[in-house]
Amino acid sequence: MGRNHARVLGALAGVELVGVVDPAGGTAPDGVPVLADLNDLLALGVDYAVVACPTAQHESVGLRLAVAGVPALIEKPLAHDARAARRLVDAFRGQIAGVGHVERYNPALQQLRARLARGELGEVYQVSTRRQGPFPRRIADVGVVKDLATHDIDLTGWITGQSYASVAARTVRKSGRPYEDMVAAVGTLADGTMVSHLVNWLSPQKERYVAVTGERGCLVADTLTADLTLQVNGAVPTEWDTVRTFRGVTEGDVIRYAFPKREPLMSEHEQFREAVAGRSAETVALTEGLHTVEVAESVLAAAGRQSLLGVVSR
């Protein structure tokens with residue numbers, strides 16, 4: 001992910017990428033030095049930094065930046081556990097910092113959120129997400145819940161404006177790693193909205209799906225293509241009995257919206273640049289990142305409480 005950040009920062013107006021820290025060496029955009037230690041970067045007098053190291057190191061790197069008074073955009077999840085995330089929240093109190101929940105900047109989800117805020121679906125009943133694909137070998141220190149499901153936890157709370165109230169989950173390990181590689185979670189938000197998340201690293205099919213069902217229809221976002229589709233509940237009755245049996249709620253029009261589509265990572269960096277410059281910006285607060293980590297831990301704890309259902313044959 002650091003390569004993507006470096007690419008975007010190298011092209012971001014009003015920002016000069018002056019150094020990249022990588023103890024293993026690696027490469028950076030032309031003319032940008034690759035440094036061995038964070039102290040070498042701090043010696044350059046940087047105005048802000050992006051933390052895109054392994055999740056287990058977010059806390060130690062972030063705390064060093066906070067002590068140095070350097071604003072930081074920390075990749076999601078904020079930290080490897082909630083205690084570490086709280087320490088980062090405390091360390092950056094009164095300073096500029098944010099969490100890289102890049103899905104908030106996906107054009108399809110921004111459009112979906114705006115339409116929910118305008119009440120276009122009426123009462124919201126359910127948010128359902130699917131995030132599936134092959135295992136990314138770059139991940140070595142967390143499982144699929146903290147690496148991928150944190151996307152869905154954060155975006156669900158963000159688009160609805162609600163926090164999580166309860167959650168239940170099941171996980172499996174099939175790839176031989178010490179961490180879970182599939183999770184199915186269900187829960188409720190503070191207002192009673194039902195949520196469900198299916199996330200895995202085991203599928204050859206890459207899928208990024210968000211569906212919000214409400215009293216007036218369903219909004220579906222594909223965040224891979226940044227498409228947003230509305231299927232409304234119709235008022236036209238179906239007279240064909242066989243079809244009506246399978247259709248349930250009367251179908252209405254299906255609309256795929258057209259809107260500008262900018263790269264989410266570029267939008268994220270533009271907003272953080274504005275925050276560092278003291279201008280109005282939409283960034284993800286560390287307290288929001290902490291809540292996401294807390295929910296992720298609740299998902300793992302719920303999965304750990306799996307019980308066996310006794311079956312008696314008769």
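Predicted model: local features only at pLDDT ≥ 70, side-chain atom pairs only at ≥ 80, totals over all residues.
**Entry 1: Leu116**

Not counting residues up to four places away in sequence, Leu116 touches Leu121, Val124, Ile159, Val212 and Leu219. Leu116 lies in helix 5.

**Entry 2: helix 5 with helix 6**

Next I took the helix pair that includes Leu116. Helix 5 covers residues 107–117 and helix 6 covers residues 144–160. Their axes are 8 Å apart, and the packing angle is about 35°. On the helix 5 side I noted Leu109, Gln110, Leu112, Arg113 and Leu116; these meet Leu155, Trp158 and Ile159 of helix 6. Sorted by class, the residues of this contact are 6 nonpolar, 1 polar and 1 charged.

**Entry 3: helix 3 with helix 4**

I looked up a second pair, helix 3 (residues 58–68) and helix 4 (residues 82–91). Here the axes are 10 Å apart and the angle is about 10°. Angles under 35 degrees count as roughly parallel, and helix 3 and helix 4 are therefore roughly parallel to each other. From helix 3, I listed His58, Glu59, Gly62, Leu63 and Ala66, which meet Ala84, Arg87, Leu88 and Ala91 in helix 4. This contact has 5 nonpolar, 2 polar and 2 charged residues.

**Entry 4: His5**

I turned to His5, which lies in helix 1 (residues 2–11). Its relative accessibility is 2%, so His5 counts as buried. What does the side chain of His5 join through a polar contact? The partner is the side chain of His269, at 2.7 Å. Leaving aside neighbours within four places in sequence, I found His5 in contact with Val50, Ala52, Glu75, Leu265, Glu268 and His269.

**Entry 5: helix 8**

I followed His269 into helix 8, where it is one of the buried residues. Helix 8 (residues 264–276) has 13 residues. From first C-alpha to last, helix 8 reaches 19 Å, close to the 18 Å expected at 1.5 Å a residue. Other buried residues in helix 8 include Leu265, Met266, Ser267, Glu268 and Phe272. I checked which elements the buried residues of helix 8 pack against, and found helix 1, strand 3 (49–51), strand 4 (72–75) and strand 5 (97–100). Last, I noted the backbone just after helix 8, where Gly278 takes a positive phi of about 85°.

Key:
Residues numbered from 1 in each chain as written. Heavy atoms only, no water. Axes fitted to C-alpha atoms, helices over the stretch in contact; angles between N-to-C directions. Helix = DSSP H or I, 4+ residues; strand = E, 2+ residues; numbered from the N terminus. Contact = heavy atoms within 4.5 Å. Nonpolar A, V, L, I, M, F, W, Y, C, P; charged D, E, K, R; others polar. Parallel < 35°, antiparallel > 145°, perpendicular 65-115°, else oblique. Buried < 20%, exposed > 50% of the residue type's maximum accessible area, 1.4 Å probe, protein only. Polar contact = N/O pair within 3.5 Å; in protein donor to acceptor, adjacent residues only side chain to side chain. Expected span 1.5 Å × (residues − 1).
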